[in-house]
Amino acid sequence: MTQQKYNALRDQLSDMKYLSVEMRDALPVIVIRHADFSADLAIQGAQLLRFAVQDSEWLWLSETAEYKTGTSLRGGIPICWPWFGDAAKNPPSVSNYINMDNPPAHGFARSQDWALGEVSESDSTIIINMLLENPAHTSWRGDASLSLQISMSASALTLALTTTAGQSEVTVSQALHTYFPTVDITQTSISGLEGEHYIDALDSWVKKAQTGPVAFVEETDRIYTVKGNLTLQSPGKTMTLSGNNRTAIVWNPWIEKGARLSQFEDDAWKRMFCVESADVMDAAVSLSPGESHTLRMTLVNRSI
């Protein structure tokens, strides 16, 4: 982001009571310091980096996160769009729009600068709208615009990601790639997926059925069908994750993969896990010209 764009953003926030902007290395970050909660939001990728109520951090951000241009930070809630993960693993309805000459993992929305739209703040709630009105990338032939609304209060955090097709039809896969903190991954579980089927990305993409709550005992990379709310249980914290997503990705890199990841300490796998609200694989979203679809997630900390 140029100095001119940074100055314009600073001016845009000058009358806000709870919001300001600061530079962290190469990236501008909107800083929210409300009386009841606090948050940090990167302009690049419209990536919510942290959200906290009182002393409780609701999201995990790597201790070695790097604020670099064009690189998504490890943690918070990166936005995966208009495809998820390895482009080649997406269904043909999505990959037909992708130029397969080295496309970036998880799409390109998370590495582009978004525009700050309307902001609403009160004594209890802050609502921030972020816009990616003309997303373009050499790896994608689709036509759509993207917006993100983030609603924050002491009781809930809600993200609403809206895709609007342009003058032609388009199909996208997408995820709100949420990183959660835990003090002990081996005592962490996810309820609400019992009996659901999942694709095991670590076992030749075989479809399996979940028995009991999801627990973490090894590297985990699964794509679940989801029909209701999820309960995320870790020592001292119980969170409810709800939304209108039809799939959810559960991920932890464990020891060996964790040692190979960028922006990730060798033992960080012990302190984090991901549950991603998503529409991927058969749940990819197809839109007619001018049609919109919103992916929503709401997070509530039941421990407070």
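Colleague: Which strands each supply at least two residues of the lining of the largest pocket?
Modeller: β18 (220-225) and β21 (247-252) do. Strands here are DSSP runs (E, at least two residues), numbered from the N terminus. Bear in mind that this is a predicted model, where local features need pLDDT of at least 70, side-chain atom pairs count only at pLDDT 80 or more, and totals for chains, interfaces and linings use all residues. Residues are numbered from 1 along each chain as its sequence is written, and side-chain values use heavy atoms, with hydrogens and water left out.
Colleague: And which residues lie nearest the centre of the largest pocket?
Modeller: G85, A105, H106, R110 and H177, out of 32 lining residues. The lining divides into 14 nonpolar, 11 polar and seven charged.
Colleague: What's the volume of the second largest pocket?
Modeller: About 200 Å³. Closest to its centre are I199, T225, T247, M281 and D282, among 13 lining residues.
Colleague: Which strand gives the most to that lining?
Modeller: β15, with three residues.
Colleague: Switching to D200, where is that found?
Modeller: D200 is in strand β15, residues 197-200.
Colleague: Is D200 buried or exposed?
Modeller: Buried, because its relative accessible area is 10%, and buried means under 20%, exposed over 50%, partly exposed in between (1.4 Å probe, protein chains only).
Colleague: What does D200 touch?
Modeller: Leaving out residues up to four places away in sequence, D200 touches W205, V206, K208 and D221, with contact meaning heavy atoms within 4.5 Å.

Methods: Helix = DSSP H or I, 4+ residues; strand = E, 2+ residues; numbered from the N terminus. 1 Å grid on protein atoms, 1.4 Å probe; cavity = no way out; pocket = protein on both sides within 12 Å on 5 of 7 lines; lining within 4 Å. Nonpolar A, V, L, I, M, F, W, Y, C, P; charged D, E, K, R; others polar. Points joined across faces, edges and corners; volume = space filled by probe spheres on them.
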